[in-house]
Amino acid sequence: MNYAALVSAVSSYTENTFPTVDMNLFITQAEKRIYNTVQIPALRKNVTGITTASNKYLACPDDFLSTYSLAAISPTTGAYTYLLNKDVNFMRDAYPNPTTTGTPKHYAIFGPQSTNVNELSFILGPTPDANYYAELHYYYYPESIVTALTTWLGDNFDSALLYGTLCEAGTYMKSAPEDGMYKTYQERYVQAIALLKNLGDGKQRMDAYRDGQVRVQVS
């Protein structure tokens with residue numbers, strides 16, 4: 001389901017023609033609700049950067065939301081050191097002297113960047129003793145179907161997107177919770193999310209060799 005098909009379906013289901021700005025808001029709110037409920041592959045991104053020797057801070061990407069993993073890669077051997085996530089208070093206590101350098105072992109989300117107060121940065125410990133390559137796997141919001149026109153969610157699990165958008169449209173129309181159609185949208189959305197979680201949080205995190213094939217118990 002692409003953007004045009006989604007808009008057409010929502011208008012048809014609700015028998016309403018919404019202003020474009022409102023329809024786009026329904027869609028983007030539904031997308032964010034889905035993306036914060038299920039961890040699907042489309043939410044993952046990885047980037048490589050570089051730390052600076054004697055600088056304990058590392059800028060996060062502009063679209064960064066949360067971390068899957070952060071590794072420091074030796075510039076000489078290529079060896080990976082995966083950093084452990086900690087709180088800033090741990091970092092201050094464990095590495096009180098910023099001039100103590102070495103291969104980073106820990107990191108924490110520190111706060112806004114000094115050059116961009118709208119974005120975050122990492123604090124590393126110990127302070128890097130060299131310019132290490134950094135490989136970051138992180139969670140972000142993919143481009144909305146509103147602007148991309150086609151997305152992984154629309155192509156592979158349009159039921160969640162459709163019923164999520166219908167729920168947002170129902171709220172806009174001030175539908176009461178006991179309203180028949182609004183209740184149906186909510187129920188279908190819950191069913192679609194359950195199936196999507198079965199895929200994103202289940203099947204895509206296992207394989208037959210390691211976990212065996214999916215089986216249903218019979219009596």
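Student: Which residues do ring pairs link into a cluster?
Tutor: In this predicted model, the cluster is made of Phe-64, Tyr-107, Phe-122, Tyr-138 and Tyr-140.

Student: And how many aromatic pairs does the count come to?
Tutor: The count is 12 aromatic pairs. One of them joins Tyr-57 and Phe-110, with 5.0 Å centre to centre and 55° between the planes, so it falls in the tilted class, as planes from 30 to 60 degrees apart do. Tyr-57 lies in strand β2 and Phe-110 in strand β7, so this pair ties together parts that are 53 residues apart in sequence.

Student: Is Tyr-57 buried, exposed or partly exposed?
Tutor: Tyr-57 is partly exposed, at 31% relative accessibility. Phe-110 is partly exposed too, at 32%.

Student: What about charges over rings, say Arg-44?
Tutor: The charged end of Arg-44 sits over the ring of Tyr-68, 3.8 Å from its centre. Arg-33 lies over the face of Tyr-189, at 5.2 Å from the ring centre.

Student: Switching topic: which residues of α1 are buried?
Tutor: Tyr-3, Leu-6, Ala-9, Val-10 and Thr-14. Those residues cover an arc of only 130° around the axis, which puts them on the same side of α1. The face turned away from that buried side carries exposed Ala-4 and Ser-12.

Student: What happens at the start of α1?
Tutor: There, a side-chain oxygen of Asn-2 comes to within 3.3 Å of the backbone nitrogen of Ala-4. After the helix comes Glu-15, with a positive phi near 55°.

Methods: Residues numbered from 1 in each chain as written. Predicted model: local features only at pLDDT ≥ 70, side-chain atom pairs only at ≥ 80, totals over all residues. Heavy atoms only, no water. Buried < 20%, exposed > 50% of the residue type's maximum accessible area, 1.4 Å probe, protein only. Helix = DSSP H or I, 4+ residues; strand = E, 2+ residues; numbered from the N terminus. Arc of directions from axis to C-beta. Polar contact = N/O pair within 3.5 Å; in protein donor to acceptor, adjacent residues only side chain to side chain. Phe/Tyr/Trp six-rings, centres within 6.5 Å; stacked < 30°, edge-to-face > 60°. Lys NZ or Arg CZ within 6 Å of the ring centre and 35° of its normal.
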